[in-house]
Amino acid sequence: MSPVRALSLAAAIALAPLASAWGQQESAKRASLSEQLRDIEVQEQLIALGVLDGTAGKVSNEDLHRAVAWFRRAFRFPAGTQPLSEAEKEKLRQTETEFIAATGLKPLTYKHAKTQTDIELLVPLKLVEGAPQAFGGDLPDGGWQEYRSSNGKVSVGPVVHLLSEYTPISLFRHNIMQASLNYRHLRLTSEEFAAEGFAEDNEGGYTSSNLVLTAGDKLKGVFIRYPMATPAGLALPSFLEPVAAAEPPAADGAKPDAANRAWQLLMQGVSNLAVGKFAVQNGWKEVNSKPCPLRPAEAAAGARKPIRILFGTDRKPKPGPQPSAGGTVDPDSLFLNEAGNSLHIGCAYVVPPVKDASGTVTTPGNVSMHRPLHATDKGNIGDQLFLTNEIAEAEGRVASKLRTRASYQRRALQRARAAGASSGNSALVFIHGYNYAFKDALFGAAQIASDIDYDGRVYVYSWPSAASTVRYIPDLDNAEQAEPFLQSFLKLLLRDTDIDYVDILVHSMGSQSVVRALSSLQGIFETERQGTSGPAKISIGQIIFAAPDVAQPTFEQKIRRIAPHANRVTVYASANDAALFASQLLRGGSPRMGEIGDNGEPRLVEVRNVHVIDATTPTPWWKLMFGYGHDYFEQNKDVQKDIRRILQASATAEYQMPNERSPDLFDKLPFKGKDSWFFWRLREQKAPEKK
């Protein structure tokens, strides 16, 4: 339930219409402040002020609201969640002007002599010399240069290497690990590393902030270094004094030296702005979801509420003029049922179809709005993208001290949900299977989110299925070639600092791409995100495989790499799955993970947090002809009920066995000859007796 509806309901119960109107106005104010804070310019002003430690477009709403509270304390503006006033906006503009005057932060182009490569970067020309100078230290590239201060204590160093010489990981090991930093932020993947930390020295220590990205056949980066103590004789801008004085105390109650802290906040702003701009200055792209509000406009009385879906696809766009970005859209007019070899990202607001008890659609669904956000060039898999402004509403944020594991996060979200707040920083990713059109993917995801009452963000990846029951073999190739695009889409979500955890629901042939993509992302799950309020290990909440069309040995190999990074993996299998039976025949008898074996048991996976469920139900043969035996996760009410419980579980319930989670649905049975390993079988539910 939205905050507005919750307040309205409370007011109706209390028979106080005036209180209801006041509550709606206050909710609108909160939403208005959140909308203001999605403005990149406002975020950059807060960064320059020193109250926001992060990069613009990639900070959480929690951090943004905390920054506004700090700003208001420092300059004695009224506290609260009201929108920024004109006086506050003017103060932010004024302090940003002072910041630029004090630092001289300015874009420059540096040409790397060895590779003749240009690097675009921001350099604080009031703090360092305007011409690059040779670095005197012992680093792998003896020709490295940097912009540095006359005393050598402040430096900004552009970095260029050929990928044939260094990867981000090897460069991190050679250049950054030598410094023995106490890391505040660290992100290390095959495409990038971002490392910020503090190191001790005999002059009070220094901060090092570093970013390196892949760019074609090269690495491009920037290394920033500055002392913790204020350089002698440096006049700091006046706005820093009240900002440093108003900083909340540390957890232990300690307050740092005010003069040094003001300098550190100034350089924190320089580093964050320089690092934040570097990626887009040097070839990476931003996917800005600001045109896609997390909460669509309230539906008219009696109308069905649309589900916001942010999607990725490597389908070929439909030729001809694209439909208008606003208004009702025919989803069949967007993408074809064939591969396009580029990644398209957009959002849609989808009203799911209404079905009767037999599963027949009685009211068709519709797409009430569509926004294209980004498209890569042909052949570009989109692995150099950042998702920006995917910012949750403040009411749904989790306290940073709880954001260390999905179970704790979800427990806090569950409390917020009970109070009527949005859990906008939870995310469900749906990847469809064989015989799906793009329209089916949107409506399928919206139907699932609606059926299970999902209260977070919904994402869809739609690989280019041919959408034909007789084109199974072409779909095999389409699913395989989609894997790098799917992997890039998942990376895009996992880079987002305002998504606290991701649940994944995947069906049928989509499971092949998912297990391969996730196993390749293991390195991301073993690092931490930059830009969060505290250390936040990237992890997955729940992974649900419905009728997975994956060879059992392949599934077991890949899931061993994936399962340790998830709270729970659930696999639904069925003996009535005609599509998987046909798949097994086409593949020379290779057993599929979503089948029931000849011994009447599902496939055993010897991984403790992987639960395999026999979801077989008596099914008339004519229903099998319409996909019921393969699409049971959308059609079987008991399976839907269990999926709802999985995705709404909190704390220790996330780790429950199926018979603990759904004692009304499942029996727990041992595998034959493997008494310490169990599977679960769906009970045949009897119809209620007529009275």
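## Close-up views of a predicted model

**View A. Residue L186 is partly exposed, with a relative accessibility of 21%.** Throughout these legends, buried stands for under 20% relative accessible area, exposed for over 50%, and partly exposed for values in between, computed with a 1.4 Å probe on protein chains only. The structure is a predicted model, in which local features need pLDDT of at least 70 and side-chain atom pairs count only at pLDDT 80 or more, while totals for chains, interfaces and linings use all residues. Residues are numbered from 1 along each chain as its sequence is written, and side-chain values use heavy atoms, with hydrogens and water left out. L186 belongs to strand β6, which covers residues 182–188. Strands (E, at least two residues) and helices (H or I, at least four residues) are DSSP runs, numbered from the N terminus. Along the chain, L186 and S209 are 23 residues apart, and a distance of 10.0 Å separates their C-alpha atoms.

**View B. A disulfide joins C292 to C347.** A disulfide is a covalent bond between the sulfur atoms of two cysteines. Here the term is applied to a pair of cysteine sulfur atoms within 2.5 Å, and the S to S distance between C292 and C347 is 2.0 Å. The pair links distant parts of the chain, 55 residues apart: C292 lies in the loop between β10 (285–288) and β11 (307–317), and C347 in strand β12 (residues 335–351). The torsion about the S-S bond is about -80°, so this disulfide is left-handed. C292 is buried, at 0% relative accessible area, and C347 is buried with a relative accessibility of 0%. A search of the whole structure finds 1 disulfide.

**View C. K111 and D118 form a salt bridge.** A salt bridge is defined as a side-chain nitrogen of Lys or Arg within 4 Å of a carboxyl oxygen of Asp or Glu. The closest N and O atoms of K111 and D118 are 2.9 Å apart. K111 is partly exposed, with a relative accessibility of 45%, and D118 is partly exposed at 33%. The structure holds 27 salt bridges. Elsewhere, a network of salt bridges links E62, D63 and R66.

**View D. A salt bridge connects E165 with K114.** The closest N and O atoms of this pair are 3.2 Å apart. K114 is exposed, at 57% relative accessibility, whereas E165 is partly exposed, at 38%.

**View E. E203 is paired with K153 in a salt bridge.** Between these side chains, the closest N and O atoms are 3.2 Å apart. The partners come from distant parts of the chain, 50 residues apart: E203 from the loop between β7 (192–199) and β8 (206–215), and K153 from the loop between β4 (145–148) and β5. E203 has a relative accessibility of 49% and is partly exposed. K153 is partly exposed at 32%.

**View F. Helix α10 is largely enclosed by the rest of the structure, because 10 of its 14 residues are buried.** The buried residues are F438, A441, L442, F443, G444, A445, A446, Q447, I448 and A449. From its first C-alpha to its last, α10 reaches 20 Å, close to the 20 Å expected at 1.5 Å a residue. The expected span of a helix is 1.5 Å times one less than its number of residues. In an α-helix there are 3.6 residues a turn, so residues three or four places apart point the same way. Just after α10, D453 takes a positive phi of about 60°.

**View G. N435 and A467 are loop residues.** N435 is not a glycine, yet its phi is positive, at about 65°. This residue is found in the loop between β17 (426–431) and α10 (438–451), and N435 is partly exposed, with a relative accessible area of 27%. A467 is likewise not a glycine and has a positive phi of about 55°. The loop that holds A467 runs between β18 (457–462) and α11 (472–481). A467 is partly exposed at 26% relative accessibility.
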